[in-house]
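Start with the structure itself.

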Amino acid sequence: MLDLTHVRSVLTDAYDLAPSLDLANSMQDIYARMDRVVPLPDWAIYAPYVKAINALKKERNAVILGHNYMTPEIYHGVSDFVGDSLQLAMKAAEVEADVIVQAGVHFMAETSKILSPQKTVLMPDMQAGCSLAESITADGIEEMRAKYPGAPVVSYVNTTAEVKAASDICCTSSNAAQIVAAQESDTVIMTPDQYLAQNVARDVPQKNVVFWPGSCIVHEQYTAEDINDFRSWNPGTKIIAHPECPPSVIEASDFSGSTSGIIKYVTENKPKQAMLVTECSMASNIADELPEVDFLGPCNMCPYMKKISLEKILYVLHTMDNQVEVDEAIAAKARLSVQRMIDLSRELGI
């Protein structure tokens, strides 16, 4: 666990990080990407960190991969590439850099290291885990294989390297249905998200989809009653849900899609009002690009994603601490599962 007192001492000695309205105003090009959701006084606090991080990235030949659930100052201020799990996994393999900083959660950093073993992968906070990833182990995979002999195991990328290594192929929320449909077996095992699996089963009725009973602490909190109540209070609002939500929530919504699918839907349809039934920062990160859309609550916040901050990003880039390593025997098997997903996704045109 990072000692924030030590972190701040190190950074204060090396950088001028005092809030500055003058600096904030001089960085209007960056601030314009988030000014709808980040007040100017807050930007005056963030600007010194953004300036320092962007300069240090050049020195280190580093890139920052920012997940869609990052807060706006990270997503718009310092991230070189942004997207959902699949997009970031592919960028990790493609990007030419010596250092990758994973602005997301730990399993994403593992995936980057699996696909780019020769690169240094830094995790701003090693405690940024994932309740869903932690819900299953390799033993759980073997338990499912014993119950359904011969059935392929499709594991969500929201899993540890060990679980990926024990699986046949990975998937994300954006390609899960296509990956499952492409399996030759009539029965397909999905782990660990029970709700994603149930939603895939609805979309791929030709397969017998069996699943591990895991779930995301953000998306499992939503209920159909919440959705129906909100709709009655805000008629005409388009309700857009992530497929990690329970099936009853998906049925009560107007559209369901992955993080990238949600962005595509809102961008193309530009509803007057929209509620995103997913992690809070999604709406914040696309609000400035779509001023004609009024994004309404409620939303749930991921406590793991919110462990990542500009302060921690700057610290690990400065010290090169928190390097993520994956045992090569596990990485080799996990790499096959992830690469099969990437190759099949490209083959299917998704």
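Which residues lie nearest the centre of the largest cavity? They are H67, Y69, N158, E244 and M305, and the lining has 25 residues. On a 1 Å grid over the protein atoms alone, a cavity is a set of points where a 1.4 Å probe fits but cannot get out; lining residues have an atom within 4 Å of a point.

This is a predicted model: local features need pLDDT of at least 70, side-chain atom pairs count only at pLDDT 80 or more, and totals for chains, interfaces and linings use all residues. Residues are numbered from 1 along each chain as its sequence is written, and side-chain values use heavy atoms, with hydrogens and water left out.

## Cavities

The structure holds 2 cavities of 30 Å³ or more. A volume is the space filled by probe spheres set on the points, and grid points are joined across faces, edges and corners.

Helix α7 gives the most, with 4 residues. Helices (H or I, at least four residues) and strands (E, at least two) are DSSP runs, numbered from the N terminus.

## Residues from the record

UniProt, in an unreviewed entry, places the feature "binding site" at H67, S85, Y156, V157, N158, S173, H242, P243, E244 and T259. From this set, H67, S85, Y156, N158, S173, H242, E244 and T259 belong to the lining of the largest cavity. UniProt positions follow the numbering used here, feature names are shortened, and annotations may be inferred rather than shown by experiment.

H67 sits in strand β1 (residues 62-67). H67 is buried, at 4% relative accessibility. Buried means under 20% relative accessible area, exposed over 50%, and partly exposed in between (1.4 Å probe, protein chains only).

The unreviewed entry also lists C130, C216 and C302 for "binding site". These residues are spread over 173 residues of sequence, yet they cluster in space, with a largest C-alpha distance of 9.2 Å. The lining of the largest cavity includes C130, C216 and C302. C130 lies in the loop between β4 (120-122) and α8 (138-147). C130 is buried, with a relative accessible area of 12%.

## The largest pocket

The largest pocket holds about 270 Å³ of space. A pocket is an open set of grid points with protein on both sides within 12 Å along at least five of seven lines. Of the 18 residues lining the largest pocket, S173, P243, S256, G257 and S258 are closest to its centre. Helix α11 supplies the largest share, 5 residues. By class, this lining has 7 nonpolar, 8 polar and 3 charged residues. At least three lining residues come from each of domain 2 (138-216 + 327-348) and domain 3 (224-295). Those bounds come from an automatic or database domain assignment.

## Salt bridges

Side chains of opposite charge can pair when their charged atoms come close. A salt bridge here is a side-chain nitrogen of Lys or Arg within 4 Å of a carboxyl oxygen of Asp or Glu. The count comes to 12 salt bridges.

In one of them, E311 meets R8 (2.8 Å, N to O). E311 lies in helix α16 (residues 310-319) and R8 in helix α1 (residues 4-14), so the pair ties together parts that are 303 residues apart in sequence. E311 is buried at 13%, whereas R8 is partly exposed at 43%.

E268 and K264 form another salt bridge (3.0 Å, N to O). They are 4 residues apart in helix α14 (residues 259-269), so about one helical turn separates them. Both E268 and K264 are exposed.

E328 also pairs with R335 (3.3 Å, N to O). E328 is partly exposed at 44% relative accessible area, and R335 is partly exposed at 22%. Finally, K91, E94 and R346 are linked in a network of salt bridges.

Definitions and conventions: Nonpolar A, V, L, I, M, F, W, Y, C, P; charged D, E, K, R; others polar.
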